[in-house]
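Let's walk through this model one part at a time. Keep the viewer open and follow along as the topics come up.

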Amino acid sequence: MRGRHGLAGVVAGFGALALVVGLSACGETKTTDTAKPGALEGKGPITLATGKDTSGYLQGALDKWNSSHPNEQVRLIELPESADQQRQQMIQNAQTKSDAYTVLNTDVVWTAEFAANGWIEQLPEDQFALDKMLKGAVETTKYFNKLYAAPYLTDAGMLYYRKDLLDAAGITAPPKTWDELKSACQKVAPQAGGAGCYGGQFEKYEGLTCNFSEAVASAGANVVDDQGKPALSDAKAKQGLDFLVKSFQDGTIPKEGITYKEEEGRRAFQEGKLIFHRQWPYQYAKANATDGSSKVAGKFAVAPLPGLTGPGKATLGGHNLAISKFGKNKGTALEFIKFLTSEAEEKVHLQKTSEAPVYAALYDDPELVKQFPYLPVLKDAVGSAVPRPRIVKYNDATTAIQDEAYAALTGTKSSEQALKDLQTKLTSIVGNK
Amino acid sequence: MTATSVDARTVPAGKPRGHVTNRRAGVGRLAFLLLSPSVLVLGLVIGYPIVSALRISFVKTTEGIDANTGLITRTTGFSLDNYTNIFTGETGRLFWNAFWNTTTFTVTTVVIETVVGVCMALIMNRAFRGRGLVRASILVPWAIPTAISGLLWRWIFTSQGIANDVLNTHVLWTTEGIQSWLAVVIADTWKTAPFIGLLVLAGLQIIPAEVYEAAKIDGADAWRTFWRITLPLVQPALVVAVLFRMLDVLRMFDLPFVLIGRGKMSTDTLSILAYNEMSNLRFGPAAAYATVLFVYVAIVAYVFVRVLGADIVGRGVGRSK
Amino acid sequence: MSAPVATGRRRRGAGWLYYVGIAAIVVYCLAPFYWMVVSALRRPADQFSNALLPDPPSLDNLVAAFSPGNGFGRALLNSVIVASITTVLTLILGISAAYALARLEFRGKGTILSIIIATSMFPGIAVVVPLLQLFVDINWINTYQAMVLPSMSFALPLAIWLLTAFFRQMPFELEEAAQIDGCTPAEAFRKVIMPLAAPGVFTTAILVFIAAWNEFIIAVSVVNKNELKTANVIVSQFTGQYQFDQPFGTQMAAGVVVTVPLVIAVLLFQRRIVEGLTAGGVK
């Protein structure tokens with residue numbers, strides 16, 4: 001008999017335990033973060049949560065800082081490689097109000113969400129040389145006109161093109177419009193050995209959002225207007241999406257382009273299977289490698305993206321540095337961010353990692369231009385680049401964009417219908433931010 | 001308490017009755033001691049999150065944005081909305097689509113895995129030269145971490161990848177359509193058939209050799225021996241293996257996520273929907289999805305155990321006499 | 001143990017077919033793995049190649065995987081620690097529980113088995129945040145137990161069910177005979193049941209070990225110090241030189257390094273199973 005009671009006890013205990021801890025979890029869902037910008041005070045050891053430090057540059061910079069700040073050591077916390085997982089880790093950190101992360105290396109599209117949820121601190125504008133920085137990059141750090149992060153790195157797509165083929169066909173300048181791009185391909189086709197005309201990132205992921213926004217902006221429209229309202233009813237938006245849709249239909253973009261992320265496209269370009277390729281700056285060094293990995297080394301150049309009637313606009317990428325609301329020693333964190341985002345440090349960063357700085361002046365530095373010949377083109381690209389929607393529910397917005405754009409590209413929806421549905425979806429997402 | 005409820009097997013006949021009662025109490029206490037650590041660990045690490053998720057699934061959160069600071073304001077209340085929303089409108093369509101994917105993945109992969117796994121076990125159980133090598137190779141797929149095998153298969157199935165090269169096709173495996181569903185099935189069966197193989201092998205290994213010798217003497221051919229003797233004897237192990245495979249596939253998440261990517265109608269599973277809600281910070285709806293999936297899995301498992309595996313909970317058949 | 005299923009007459013006829021079957025299964029299992037190895041042995045520059053052999057072969061990817069900045073060696077050690085502790089603890093708890101469920105008579109067995117299996121019906125991703133909250137509250141972030149305990153809980157239901165099935169198959173008479181011979185129940189269990197159930201126990205051990213070795217979602221969330229990360233987490237951090245540049249070769253090299261020790265360990269285990277059997281006296 002006692003035995004039976006005992007077992008019943010185990011079961012009951014299990015239930016009771018679950019109930020108690022379950023109820024104790026009530027608090028966490030109800031909390032409403034009404035964070036007011038607090039003073040960034042406190043000195044002491046901090047951490048920097050970021051994606052992998054591949055070049056070793058960051059550790060070097062940290063060592064430099066640590067040797068001059070023995071009582072304010074910074075420890076590097078490396079997060080998984082994918083942006084999705086980095087965001088996931090940061091959100092979990094905020095959800096549990098853990099002080100594990102102090103400084104966060106955030107993607108430019110996360111600012112609004114992190115700020116609105118009260119996960120990151122407001123920063124004092126006068127402490128940063130914002131006027132020397134690229135305007136577009138600075139905009140990505142603001143939410144409700146307040147600074148929530150320091151601009152750190154920037155990025156924008158460029159048009160890689162096969163200069164050798166264009167030269168051979170007597171085309172002296174890279175195409176400025178989509179029509180020019182298509183006709184260039186027709187001229188080049190006989191010598192191109194069956195290479196596809198144009199490639200980009202069209203798989204259903206964040207890259208598609210970038211490529212879609214770019215196409216819309218390059219046609220002269222906007223995904224969301226200056227007031228943050230969706231603006232896809234504009235006829236030009238349809239022309240932008242139509243460029244991609246029709247390119248798939250007429251084979252300007254090879255069929256397999258729908259599976260391209262950055263690396264699949266780079267593979268095609270490096271194997272000589274693409275004449276034009278919309279890609280980030282990182283491809284420049286890779287495709288120019290002379291170790292036999294690239295068949296197009298020395299045969300290509302970069303230009304600004306083409307548009308409907310003239311040069312197009314790129315989507316702005318990049319990273320910012322923010323301070324977690326739940327971290328300790330925020331005074332040190334602020335000083336450390338100022339150090340990492342200083343012009344001198346960003347120059348070293350560029351030289352070691354080829355990641356694009358936010359200081360306009362560095363793009364004109366002759367020494368750097370010699371090392372990175374694409375810098376002038378990149379400067380134009382980031383200078384005119386359009387931000388992706390800066391809204392709290394960015395993740396919902398980008399999912400909606402990917403759903404509709406992908407449907408249009410694969411032909412399951414007309415571009416008109418896709419844009420109409422997207423307008424409705426985005427309106428409701430922005431509406432209940 | 002009388003001796004009638006005591007299984008005759010546990011108490012050898014002829015012992016005095018009082019002894020039996022004492023022993024029975026002792027058995028109960030022993031069972032309590034043996035079981036409580038497991039139940040405690042499971043209760044703490046799994047039970048607690050389940051209960052807290054259940055609670056959150058009934059909490060509806062209404063969000064707004066403070067017009068001055070831009071900070072999110074949240075009001076919460078108890079409601080069934082998280083559940084009703086799952087089944088209505090656009091989300092309803094996505095739900096039933098994911099439900100269908102989850103179910104077809106489960107049925108297809110579990111059937112294939114069972115057949116392949118049993119074959120593997122039969123082969124591994126036989127003596128022949130190079131058996132060690134065969135065993136090693138069968139284990140390999142299962143030992144590769146899912147995240148890495150997802151990447152591997154993504155690379156294999158990429159448009160210019162080796163799969164298209166070998167098959168001499170230009171299939172776009174990772175785009176919407178039956179081919180992406182198939183790619184997931186291929187990768188999943190490859191990875192987990194060895195799991196069933198291993199468990200069935202263990203089941204085969206405890207079959208006493210005399211059983212087969214008796215069958216041989218009776219003149220049963222290999223096929224009959226398999227159906228009449230081997231299969232019934234490995235049934236308990238096989239049932240557990242298949243059951244746990246079903247539980248896993250029904251909750252499948254990382255393989256379609258890494259291999260095909262989320263947001264594809266052809267391969268989105270219920271777990272992926274739950275993940276999407278969570279990554280969009282809608283914890284209530286995410287918990288509701290998780291709970292619905294939980295209920296679905298429980299029903300499937302219940303039916304399965306009732307139909308095939310009563311002996312696991314009950315007495316145990318196939319005891320060699 | 002040889003399974004004398006095929007009679008001599010049939011063996012000759014079906015022999016070659018049988019080996020074709022073996023070959024087919026080996027190829028099926030190894031072909032994708034082969035691709036992994038080949039990809040790992042290419043030069044990083046050749047990562048897009050579809051050639052069936054790495055030409056020229058190179059260890060660069062392996063070297064890159066073990067480059068000091070990654071801390072991969074330390075991570076492998078962490079994986080071994082976490083997976084071993086998990087396996088041992090899970091087996092201890094699992095064997096006790098399964099023994100009770102299979103060999104002892106008491107009420108509520110079905111309920112307990114149902115509760116245990118119910119814990120493996122909830123989607124794993126939904127467990128992470130509450131669990132993380134718990135570990136933050138009790139200061140378990142950056143500890144081994146924060147990885148071991150969840151891994152144990154994920155493996156326990158399978159271990160208990162499986163061992164219950166195996167223990168249940170053991171003839172009760174053996175145990176009774178041992179007890180009549182004067183063994184205590186504990187001795188009867190150790191000397192009679194365990195040797196007979198050895199294949200089941202070893203298989204369970206292998207399954208638990210591999211599951212713990214492969215666990216990712218919890219490990220990535222509860223540990224942020226590089227010195228404590230497991231191999232899987234470190235591999236997920238591998239990036240190329242640039243943000244978008246996926247070092248497929250290095251990832252595959254790491255995959256091979258993570259997989260091969262596991263297979264060797266399992267093979268050693270397998271040998272033990274066979275030995276355990278022949279020693280156990282099931283003749």
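**From the interface inwards**

Start where two chains meet: the contact between them takes 91 residues from chain C and 89 residues from chain B, where two residues are in contact if their C-beta atoms, placed from the backbone, lie within 7 Å. On the chain C side, helix 6 of chain C gives the largest share of what touches chain B, 14 residues. Helices here are DSSP runs of H or I with at least four residues, strands are runs of E with at least two, and both are numbered from the N terminus. Sorted by class, that side of chain C has 64 nonpolar, 21 polar and six charged residues. The classes work like this: Ala, Val, Leu, Ile, Met, Phe, Trp, Tyr, Cys and Pro count as nonpolar, Asp, Glu, Lys and Arg as charged, and the others, Gly among them, as polar.

A word on what you're looking at: this is a predicted model, in which local features need pLDDT of at least 70 and side-chain atom pairs count only at pLDDT 80 or more, while totals for chains, interfaces and linings use all residues. Residues are numbered from 1 along each chain as its sequence is written, and chains are lettered from A and ligands numbered from 1 in the order in which they are written.

Stay with helix 6 of chain C (residues 145–169) for a moment, as it packs against helix 3 of chain C (residues 72–103) at an angle of about 40°, with the axes 7 Å apart. Those axes are lines fitted to C-alpha atoms, for helices over the stretch in contact, and angles run from 0 to 180 degrees between N-to-C directions. The residues of this helix 3 and helix 6 contact in chain C split into 20 nonpolar, five polar and two charged.

Now hop over to chain B, which has 13 helices and two strands. For contacts in chain B with a separation of 6 or more, 68% are between residues 24 or more positions apart.

Is B:D268 buried or exposed? B:D268 is buried, because 24 other C-beta atoms lie within 10 Å. Leaving out residues up to four places away in sequence, B:D268 touches B:N97, B:A98, B:N101, B:R262, B:G263 and B:L273.

Chain A is the last stop, with 18 helices and 12 strands. Its radius of gyration is 24 Å, close to the 22 Å that the globule rule gives for 433 residues, so chain A is as compact as a globular protein of that length. That radius is taken over C-alpha atoms, and the rule is 2.2 Å times the number of residues to the power 0.38. In chain A, 55% of the 433 residues count as buried.

Chain A is divided into domain 1 (46–155 + 316–384) and domain 2 (156–315 + 391–431), with bounds from an automatic or database domain assignment. Their contact takes 18 residues from domain 1 of chain A and 16 residues from domain 2 of chain A. Helix 16 of chain A supplies the largest share of the domain 1 side, six residues.

Key: A residue is buried if 20 or more other C-beta atoms lie within 10 Å of its own, exposed if 12 or fewer, and partly exposed in between; C-beta atoms are placed from the backbone.
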